[in-house]
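Please examine the sequence and the structure shown below before reading on.

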Amino acid sequence: MDVADLRFFIAVYESEGFSRASEKLGTVQSNVSARIRNLEGSLGIALFERRYRRVAPTARGDQLYRHARKVVSALDDAERAVRRPPRAARNGRGFTLLELLVVVAILGLLAGFVAPRYFGQIGKSEVATARAQLDALEKALDQYRLDTGRYPSAELGLKALVERPQNEPKWNGPYLRKAVPNDPWGKPFVYKIPGEKGDFDLVSLGKDGAPGGTGENADISNH
């Protein structure tokens with residue numbers, strides 16, 4: 001994750017859409033979509049819900065925006081400060097140690113937001129992380145189907161999202177920025193096609209890695 005990605009995220013958040021954000025940033029919409037997809041992939045969470053003619057931030061998206069806006073504003077202020085000609089009133093200093101400490105402190109707030117891998121804390125946060133990962137994988141599978149006309153077979157599995165399958169000329173991936181993630185408990189997601197409740201099923205078997213269970217051991221699916 002870098003500052004450029006955060007600027008793209010803020011533009012989409014404030015514009016409530018990729019098209020308006022691309023106009024604001026002076027770039028093409030596909031570039032904006034790719035930046036947001038990269039950011040979601042690096043964080044392992046969904047930042048927006050795609051709706052008709054607009055996008056709406058998720059709860060994690062709202063949380064990231066509050067931190068991202070402070071960080072970007074602080075960096076912009078820092079850049080203006082160091083570019084400003086020295087003034088006698090400041091004894092020739094364009095950027096004080098206090099200002100540097102403020103920037104570092106704000107960056108620390110953002111680091112605290114993304115540091116756990118990712119939000120892989122105990123209990124409810126691990127379940128929330130698993131749901132966010134399932135949402136990101138589901139979106140990647142939908143994009144795969146839009147490009148190729150079908151979902152990956154059970155034999156290909158989720159690996160097809162990052163590696164081109166043989167005899168698949170319409171593949172336009174990778175559809176994930178990194179390798180297919182494991183769930184917050186370090187176990188692979190189960191991919192079933194055809195699914196029992198939809199075109200496909202994506203399942204985390206929970207903390208115990210076994211079907212069924214309750215609480216943290218309960219199965220978590222994309223349905």
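The sections below cover the model, its overall fold and its aromatic pairs.

## Basis of the model

The model is predicted; local features need pLDDT of at least 70, side-chain atom pairs count only at pLDDT 80 or more, and totals for chains, interfaces and linings use all residues. Residues are numbered from 1 along each chain as its sequence is written, and side-chain values use heavy atoms, without hydrogens and water.

## Overall fold

The protein chain contains six helices and five strands, where helices (H or I, at least four residues) and strands (E, at least two) are DSSP runs numbered from the N terminus. Their order from the N terminus is α-α-α-β-β-α-α-α-β-β-β.

Of the 223 residues in the protein chain, 38% are buried, that is, under 20% relative accessible area with a 1.4 Å probe, counting protein chains only.

## Aromatic pairs

The structure holds seven aromatic pairs. Rings of Phe, Tyr and Trp (its six-membered ring) pair if their centres lie within 6.5 Å; planes under 30 degrees apart count as stacked, over 60 as edge-to-face and the rest as tilted. Tyrosine 144 and tyrosine 175 form an edge-to-face pair, with 5.7 Å centre to centre and 65 degrees between the planes. This pair links distant parts of the chain, 31 residues apart: tyrosine 144 lies in helix H6 (residues 124-148), and tyrosine 175 in the loop between H6 and strand S3 (190-192). Both tyrosine 144 and tyrosine 175 are buried.

Tyrosine 191 and phenylalanine 200 form a tilted pair, at 6.1 Å centre to centre and 50 degrees between the planes; tyrosine 191 and phenylalanine 200 are both buried. One aromatic cluster is formed by Phe9, Tyr13, Phe48 and Tyr65.

Key. Buried means under 20% relative accessible area, exposed over 50%, partly exposed in between (1.4 Å probe, protein chains only).
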